[in-house]
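This report concerns the structure shown below. It treats an annotated position, the nonpolar cores, selected helix residues, a strand hairpin and the salt bridges in turn.

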Amino acid sequence: MNSSPSRLVALLSGPDQKGLVSKVSGWIFNNGGNIIHADQHRDAQAGVFFQRVEWSIDDGSDPRETASAFQSFGDSIGMKTKVAISGDKPKVAIFVSKFDHCFHDLILRWKSGEYPCEISLIVSNHKDLEEVSKTYGIPYHYIPVTKANKADAEAKQLALLKQEGIELVIMARYMQVLSPIFLDTFGKPVINIHHSFLPAFAGAKPYHQAHSRGVKLIGATAHYATPDLDQGPIIHQSVAHVTHRNSVEDLVRKGRNLEKLTLAQAVSWHLENRILVYENKTVVFD
């Protein structure tokens, strides 16, 4: 039985110029590819062009050679280019503390085949989720973090990520701030879920703050972590309506559900190579 043709996904961004769509589609056609899906966006104010294109290649073609060739082509036309091969499963690490709603949701989605990745390890500054992690069959690494040992703890985390070849970290309500040194040394994407619309009600007890202000909407924000705390490029946001009849407990319950759904969608878009980051914003292709 013949396997289905390999697929590649390319994300391109750079200065807008005439004929870019034609050049990209022409390269794919001339190299035996068949475009499955293509989308583009132009930021008129910044003069920046963005494109996501997905295509299949002939059975006899080497997808990695094709990806490398397209990367060189993208460079030649002045585009920042990333190429992914369908079927490749990046290794992912989940960072978690005590809150377990996002943690369970991510792993169950992965177990059901929703995420094209390999969740390779779990890192936590608490032992609370160690036993349940064993039932999932995922290695659990307890690395306590205090003000006094933060640098040493992050060094252990970074060594672990490098050893396992981790390509994405998901902060599933990991209640520690990753330092600029950690983010710079890791050098790969980190997705965080924030328990409100940024920057509203940031800090401790956000739902209590929201309740005391009589808000009519609560939200959750998934974003890429950067050295500027909670200021990274936003990937996805969700809201839920609340009324004066809702208690703090109601807001917490609704908020946690929003956090799960918002983080899950952001992770899905990232793994499907649908996100382009520029400046401090994102373009998310549907």
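## Annotated position

At a relative accessibility of 19%, Asp230 counts as buried, where buried means under 20% relative accessible area, exposed over 50% and partly exposed in between (1.4 Å probe, protein chains only). The model is a predicted one, in which local features need pLDDT of at least 70 and side-chain atom pairs count only at pLDDT 80 or more, whereas totals for chains, interfaces and linings use all residues. Residues are numbered from 1 along each chain as its sequence is written, and side-chain values use heavy atoms, with hydrogens and water left out.

Asp230 is listed by UniProt, in an unreviewed entry, under "active site"; such annotations may be inferred rather than shown by experiment, and the positions are given in the numbering used here, with feature names shortened. The residue is placed in the loop between strand E10 (217–224) and strand E11 (234–241); helices (H or I, at least four residues) and strands (E, at least two) are DSSP runs, numbered from the N terminus. Its side chain makes a polar contact with that of His194 at 3.4 Å. A polar contact is a pair of N or O atoms within 3.5 Å; within protein, one must be able to donate a hydrogen and the other to accept it, and residues adjacent in sequence count only if both atoms are side-chain atoms.

## Nonpolar cores

The largest nonpolar core has 40 residues, of which Ile107 and Leu263 touch the most other members. Such a core is a set of buried Ala, Val, Leu, Ile, Met, Phe, Trp, Tyr and Cys residues joined through side-chain atoms within 4.5 Å. Helix H8 (residues 248–271) supplies the largest share of this core, eight residues. Apart from this core lies another, of 19 residues, including Leu121, Ile143, Val145 and Leu183.

## Buried helix residues

Leu258 is found in helix H8 and is buried at 8% relative accessible area. Beyond neighbours within four places in sequence, Leu258 is in contact (heavy atoms within 4.5 Å) with Ile218, Gly219, Ala220, Ser238, Val239 and Ala240.

Gln157, in helix H5 (residues 150–164), is buried with a relative accessible area of 1%. Residues up to four places away in sequence aside, Gln157 touches Phe95, Val123, Ile143, Val145, Tyr174 and Phe182.

## Strand hairpin

Strands E12 (residues 275–278) and E13 (residues 281–284) run antiparallel and are joined by four bridges; strands pair if DSSP finds at least two bridges between them. Val277 has Thr282 in E13 as its bridge partner. Two residues lie between the strands of this hairpin, in which Glu279 takes a positive phi near 50 degrees.

## Salt bridges

The structure holds twelve salt bridges, each a side-chain nitrogen of Lys or Arg within 4 Å of a carboxyl oxygen of Asp or Glu. One of them joins the side chains of Asp16 and Arg42 (2.4 Å, N to O). Asp16 lies in the loop between strand E1 (7–15) and helix H1 (20–30) and Arg42 in strand E2 (residues 34–43), so the pair ties together parts 26 residues apart in sequence. Asp16 is partly exposed at 31%, and Arg42 is partly exposed at 46%.

Arg173 and Glu259 form a salt bridge whose closest N and O atoms are 3.0 Å apart. This pair links distant parts of the chain, 86 residues apart: Arg173 is in the loop between strand E8 (168–171) and helix H6 (180–186), and Glu259 is in helix H8. Both Arg173 and Glu259 are buried. A network of salt bridges links Arg7, Arg52 and Glu54.
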